[in-house]
Amino acid sequence: MKVNLKPEAYNSWIKEQLNQKKEVTYQKFISKLLPGIENILGVRLPELRKLASQLAKEEWKTYLHNALQDSYEEIMLQGMVLGYAKGDLKEKKEYLKNFIPKIDNWSVCDSVCSTIKLAKEQPEEMWEFLQPYLYSSQEFEVRFALVQLLNYYVNKNYFYLVLKTVEQIQCNYYYVNMAQAWAVSICYREFPEETIPFLKENSLKNFIHNKAIQKITESMKVSKKEKEYIRTLKRI
């Protein structure tokens, strides 16, 4: 359903929608998962996706030009709209550049990455776009790029590049390190035999390496026998 909003009405309409959908109990739950993020209203992701889908059918560029970031949900909406709106990387590039620095938690990062699927349609162009973010000094800019890689590039064309990139990133940001481990685990899940040599010999910090081992052994898609072997590769 089209909402047919004037540019100046977007933000007040969005705030009204969010306030109608917020839940106190969910706000308390999600706040515990996102320590330090104080502007959480408590709107569930499926509701945010419905709202973002509506906005994406409107004048989405006008919305993004005027969008506020007064809450966690308003920032999430911007990223989701970028994912749902029609358009290629060329059309969305400047909006992405404006949005990515706003990410300040893993939830916005990961939910938006699963929505922005430009890498599936334009893998080469998106790979180039992501390169500066992989080596950014900002924690969630790096995580955004890594989660894009593990979501869309663990395939026969990019598999080895993904592992090489994960190994090259050297930083102490917790959520970056966790994304590195996550990426390695996805590589193993999709290409187990090809990932074994990397698990045997890599320059990742012990924390990242061992987290990757942990994630692999927690996967329901990895056999019991494989898990037994993988555990032997854990570093002490």
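Which residues is W127 in contact with, leaving aside its neighbours within four places in sequence? The legend to View 1 answers this.

This is a predicted model, in which local features need pLDDT of at least 70 and side-chain atom pairs count only at pLDDT 80 or more, while totals for chains, interfaces and linings use all residues. Residues are numbered from 1 along each chain as its sequence is written, and side-chain values use heavy atoms, with hydrogens and water left out.

**View 1. W127 and its contacts.**
W127 sits in helix α9, residues 123-134. Helices here are DSSP runs of H or I with at least four residues, numbered from the N terminus. W127 is in contact with L149, Y153, Y158, L161, V162 and T165, once neighbours within four places in sequence are set aside. Contact means heavy atoms within 4.5 Å. W127 counts as buried because its relative accessibility is 8%. The cut-offs are these: buried is under 20% relative accessible area, exposed is over 50%, and partly exposed lies in between, with a 1.4 Å probe and protein chains only. Look also for A145. It is 18 residues from W127 along the chain, and the two C-alpha atoms are separated by 9.0 Å.

**View 2. Helix α6 beside helix α9.**
Helix α6 covers residues 89-99, and its axis is 12 Å from that of α9, at an angle of about 15°. Axes are lines fitted to C-alpha atoms, for helices over the stretch in contact, and angles run from 0 to 180 degrees between N-to-C directions. So α6 is roughly parallel to α9. Angles under 35 degrees count as roughly parallel, over 145 as roughly antiparallel, 65 to 115 as roughly perpendicular, and the rest as oblique. The crossing of α6 past α9 is right-handed. From α6, the contact uses L89, K93, L96 and K97; from α9, it uses E125, M126, F129 and Y133. By class, the contact has 5 nonpolar, no polar and 3 charged residues. Ala, Val, Leu, Ile, Met, Phe, Trp, Tyr, Cys and Pro count as nonpolar, Asp, Glu, Lys and Arg as charged, and the others, Gly among them, as polar.

**View 3. P132 in helix α9.**
P132 is part of helix α9. Is P132 buried or exposed? P132 counts as exposed, because its relative accessibility is 56%. I230 is 98 residues away from P132 in sequence, and their C-alpha atoms are 33 Å apart in space.

**View 4. Helix α1 against helix α3.**
Helix α1 (residues 10-21) packs with helix α3 (residues 45-56) at an angle of about 155°, and their axes are 11 Å apart. That angle makes α1 roughly antiparallel to α3. The crossing is right-handed. On the α1 side, Y10, W13, I14, Q17, L18 and K21 make the contact; on the α3 side, E47, L48, L51, Q54 and L55 do. These residues divide into 7 nonpolar, 2 polar and 2 charged. Now pick out E47, which belongs to α3. E47 counts as partly exposed, because its relative accessibility is 26%. The C-alpha atoms of E47 and Q17 are separated by 9.7 Å, though the residues are 30 apart along the chain.

**View 5. Helix α5 with helix α7.**
Helix α5 is residues 72-84 and helix α7 is residues 106-113; their axes come within 9 Å and cross at roughly 20°. The two helices are therefore roughly parallel to each other. α5 passes α7 in a right-handed crossing. Y72, I75, M76, G79 and M80 of α5 meet S107, V108, S111 and V112 of α7. The contact holds 6 nonpolar, 3 polar and no charged residues.

A disulfide is a covalent bond between the sulfur atoms of two cysteines. Here the cut-off is a pair of cysteine sulfur atoms within 2.5 Å. The structure holds 0 disulfides. For C113, the nearest cysteine sulfur is that of C109, 4.4 Å away. C113 counts as buried, at 0% relative accessibility.

**View 6. Q180 in helix α12.**
Q180 lies in helix α12, residues 174-190. Q180 is buried, because its relative accessible area is 0%. Not counting residues up to four places away in sequence, Q180 touches L146, V166, I169, L204 and I208.

Terms used. A crossing is left-handed if the near helix is turned anticlockwise from the far one by less than a right angle, and right-handed if clockwise.
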